[in-house]
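Here is a short note to read alongside the model. Please keep the structure open as you go through the points.

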Amino acid sequence: MTKQPIHVVGGGLAGSEAAWQIAEKGLKVVLHEMRPTRETDAHKTDGLAELVCSNSFRSDDAENNAVGLLHAELRAAGSLIMKSADANKVPAGGALAVDRDGFSEAVQAALEAHENVEIIREEITQIPSAENGQVILATGPLTSPALSEQILKATGEDSLAFFDAIAPIIHTESINMDKAWYQSRYDKVGPGGTGKDYINCPMDKEQYEAFIDALIGGEKTSFKEWEENTPYFDGCLPIEVMAERGRETLRHGPMKPMGLTNAHQPDIKAYAVVQLRQDNALGTLYNMVGFQTKLKYGAQAEILRMIPGLEDAQFARLGGLHRNTFLNSPRLLDEQMRLKVLPHVRFAGQITGCEGYVESTAVGCLTGLFAAHQALGTDIAPPPVTTACGAIVNHITGGHIDREDGSGPRSFQPMNINFGLLPPLDEMPKHPEGKRLRGKEKTRLKKQVMAKRGLDDFKAWVANV
């Protein structure tokens, strides 16, 4: 067994989880976090595992949803991030959402209290050498320019960046509840929820059309010259970009009215609905679901106050834009998340090309386990691809169609976990009574069988690590 500590660079979700998994294996780990020595454009605190965008970990339904399956797998692995999320959840329908400050404080307190963890507040500007032992780079979407440059040199890549946008947060007391109402979509009750966990703001067709016009015409944040060719991640598009792609795009996306009935006018179906989700345990703040934006602050406040119920909205935080960073992982990393040209270095979190809090946590969890077992001399294989965790690693390191010339994947973009990343079932599920399944019923049962298979396979895998 090696006596050298394993170094983890980056104290976000992935880095915190990786450090926890290593420490729980009885190994020493040094967690390097550059805040507050060097701040970022998106972080507001120096807390570990700070959530800079939404406070939602998305669906907690482990039977019907791939994200919920990932939650269940991480809980089975003893995840610190999931334990802290569960301890700080706030009502959010069928989703798992957290009080962001309480969540971050819980993660930091657990790591500070662990006898195997040392936390150093410093900026790492060079990739540590092999003489220092194993290294996990979990610097995420806000990797510092100096370290990004070193990664580019080591990998031979031209670029690591794309843009990600942040949704606004509103003071609850400023929302006009004579127009808005509380309801979860389809009245769904989730962890800690009641079925009335979202604030809903309705629009008729005329209001919606005026809103779309304002979004398209509103003044946007301008890019610097070095940013102009940076693409967006499709899973986190700004609302005005979605609006520009088609006038009905938002109405079939974050503003869809399905499953909602206006409590003030139950006989009138809204043409579109803006949902707000509780952002802190006190319920004093709500964030605008799916409303990432790059609108300038002045235009943003004016346009968002066009939404019925938000005429007098007071914003605790307006939306913003930050640069994201990820590797060409299928070409650069092996299945143990090691950099092929520098095998003492592993990567974890969003920088690997996963997208989302839970996905980043999963990669951090697995990378920590891979590094710990290597240090212990007991290398382990990744989880089966039938599991959500295994499917993410497979996507990152090799789940792509290669170019005909063998030069790498045709396209590699960040990806949220979904059932499409898992292999198909060997046998299609059948109705308990032997009837032939069709449509939604067939899709639902298929997901349930895939989820059960995944969780069973993951529990079997984690029992041996």
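1. Start with Arg338 and Asp334, whose side chains meet in a salt bridge at 2.9 Å, N to O. A salt bridge here is a side-chain nitrogen of Lys or Arg within 4 Å of a carboxyl oxygen of Asp or Glu. Arg338 counts as buried because its relative accessibility is 19%, while Asp334, at 22%, counts as partly exposed. Buried means under 20% relative accessible area, exposed over 50%, and partly exposed in between (1.4 Å probe, protein chains only). Elsewhere, salt bridges that share partners join Glu33, Arg35 and Glu50 into one network.

2. A word on the source: this is a predicted model, in which local features need pLDDT of at least 70 and side-chain atom pairs count only at pLDDT 80 or more, while totals for chains, interfaces and linings use all residues. Residues are numbered from 1 along each chain as its sequence is written, and side-chain values use heavy atoms, with hydrogens and water left out.

3. How many salt bridges are there by this rule? The count comes to 16. One of them pairs Arg58 with Glu359, with the closest N and O atoms 2.5 Å apart. Arg58 lies in strand S3 (residues 56-59) and Glu359 in helix H10 (residues 357-376), so this pair ties together parts that are 301 residues apart in sequence. Helices (H or I, at least four residues) and strands (E, at least two) are DSSP runs, numbered from the N terminus. Glu359 is buried, at 0% relative accessibility, and Arg58 is partly exposed, at 26%.

4. Arg100 and Asp279 also form a salt bridge, their closest N and O atoms being 2.6 Å apart. Distant parts of the chain are linked by this pair: Arg100 is in helix H4 (residues 100-113), and Asp279, 179 residues apart from it, is in the loop between strand S12 (272-278) and strand S13 (285-288). Is this pair of residues buried or exposed? Both Arg100 and Asp279 are buried.

5. Now look at strand S17 (residues 342-347), which runs parallel to strand S7 (residues 135-137) and is joined to it by three bridges. Leu137 has Phe347 as its bridge partner in S17. With strand S16 (residues 338-339), S17 pairs in the antiparallel sense over two bridges; strands pair if DSSP finds at least two bridges between them. Leu339 has Leu342 as its bridge partner, and two residues separate S16 from S17 in a hairpin.

6. Finally, find Thr325 in strand S15 (residues 320-325). Thr325 counts as buried, at 2% relative accessibility. The C-alpha atoms of Thr325 and Glu335, ten residues apart along the chain, are separated by 20 Å.
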